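Hi,

Here is the structure I promised to send over. Have a look at it first, and then read on for my notes.

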Amino acid sequence: MKKTGTNIDAKSAAPRKAFIKTYGCQMNVYDSERIENMLSKEGYEITASPEEADLTVLNTCHIREKAAEKVYSELGRLRIIQAKQGETGQAMKIAVAGCVAQAEGEEMLRRASNVDVVVGPQAYQDLPELLKQDRKNAVRQDFAADDKFEALKKASQRNAPVQPAAFLTIQEGCDKFCTFCVVPYTRGAEYSRPVADLLDEAQNLVARGAKDITLLGQNVNAYHGATDAGGTETLSGLLHQLAEIGGIERLRYTTSHPKDMDEQLIAAHRDIPQVMPYLHLPVQSGSDRVLKAMNRRHGRSLYFDIVAKLRDARPDLALSSDIIVGFPGETDADFQDTLDLVETVEYAQCYSFKYSPRAGTPGAEREDQVPEEVKSERLAVLQHILNAQQLAFNQSKVGTTQPVLFERLGKKPGQFIGRTPYMQAVHIDVPYLSDPSAVIGRILDCHIQHAGPNSLKGALLQKDLPDVA
Ligand code: SF4
């Protein structure tokens, strides 16, 4: 229990407690871990319960529909907790961080009187200082990503164990301005972290137990980080350098844009054994007309071309994607193009959504919005095909042996959960095992016995069965 810094309640001598709720993507999960480390250094103890918190941080995401309204609803629930706390003299502060904070800014202070701090995703490092500010000065929406990473690096707990599959943010922001997306407005321009910082952080992650590292970025394959020699490095070059670090057994990256999928990066899937045969490569639509309206900067033929080259480089590659149905102006023929693309590519996994307008984006201002019932019908047709593809991909692994990195215990006693190189979750039962470390954090060969739509079931090969004590 930490009892350092200024955050000790004088009466009880107990450390103040902070509750962090994370919404959205893996990048927010990564950021929340660093916020947690930063608050720990400030003397806060992290709690899983807002009822006992002196500070709640909502690390928000703006991607999902009605994201801001959901945050305001959460603030309403926190207001009830604050009222209850008030009966005992406790007073919880609330900080709203992340993309909704960036988008709402001072409006959030106006609409939610129980919010003390509003801090955008590139300014987390200022959170401790903002908590000491007067409320009217406690909004920070700067876009200085380099400051953020420098400060968060210093705050990170460089010795604490990490999960066997860890994340490493290498890039933030986006310059693409797809007409449906808020990211360029909430996360700012593309920024790539310097190579030396990333190699240092990756080495540190390995020393703390990571074997599988996923490189994160909103536009990860646009990475162009500075080198010590004064040049810049691409994502393929960075992957080659990371692969030289002993102990990194698996490398992945997400999220990629088709236009930034260059020849060297495609070749990295062939040439670097640690680069896993799984790639999330969003296409969004199969219609050239819709892709143009989305300002995606690629057509379907370029996408097909990249997929063919990738599969040439790595024939067993599992592809994943994001698809939006019902973008303004999408016709039945456009939607049919999307279905055709999906049937041709055959995804191992895919996220599909109905288009929903995001305030401030060009798509939201179009008058030719597609009726909700048409969007729902199209989504159901698309998901029927995608679900069948996902199941077929999973079933193709039944009877094979897969190297599985085990990450955690399952819900049932003796159950362990890990992932194949293709990102499929695998469940095994080893009920007699008394020491979970014989499995967790290790890559063990599994015979795959059964496939469902979302996971596989398998058994460890005899040679990998841990000794029974
Ligand atoms: S490339 Fe991705 S992050 Fe950038 S605007 Fe398009 S959808 Fe948003």
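Predicted model: local features only at pLDDT ≥ 70, side-chain atom pairs only at ≥ 80, totals over all residues.

The chain carries 15 helices and 21 strands. Its radius of gyration comes out at 23 Å, close to the 23 Å that the globule rule gives for 469 residues, so the chain is as compact as a globular protein of that length. Along the principal axes, the C-alpha trace spans about 70 × 65 × 50 Å. As for burial, 43% of the 469 residues count as buried. And if you take the contacts between residues at least 6 apart in sequence, 71% of them join residues at least 24 apart.

Next, the helix pair. Helix α9 (residues 235-243) packs with helix α10 (residues 263-271) at an angle of about 30 degrees, and their axes are 8 Å apart. Angles under 35 degrees count as roughly parallel, so α9 is roughly parallel to α10. On the α9 side, the contact is made by Leu235, Ser236, Leu239 and His240, while α10 brings in Gln264, Leu265 and Ala268. Sorted by class, the residues of this contact are four nonpolar and three polar, with no charged ones.

Now the ligand. Which residues are around it? They are Cys174, Lys176, Phe177, Cys178, Cys181, Val183, Pro184, Gln218, Asn219 and His257. By class, that shell has six nonpolar, three polar and one charged residues.

Cheers

Methods. Residues numbered from 1 in each chain as written. Helix = DSSP H or I, 4+ residues; strand = E, 2+ residues; numbered from the N terminus. Rg over C-alpha atoms; globule rule 2.2 N^0.38 Å. Buried ≥ 20, exposed ≤ 12 C-beta atoms within 10 Å, placed from the backbone. Contact = placed C-beta atoms within 7 Å. Axes fitted to C-alpha atoms, helices over the stretch in contact; angles between N-to-C directions. Parallel < 35°, antiparallel > 145°, perpendicular 65-115°, else oblique. Nonpolar A, V, L, I, M, F, W, Y, C, P; charged D, E, K, R; others polar. Near = placed C-beta within 6 Å.
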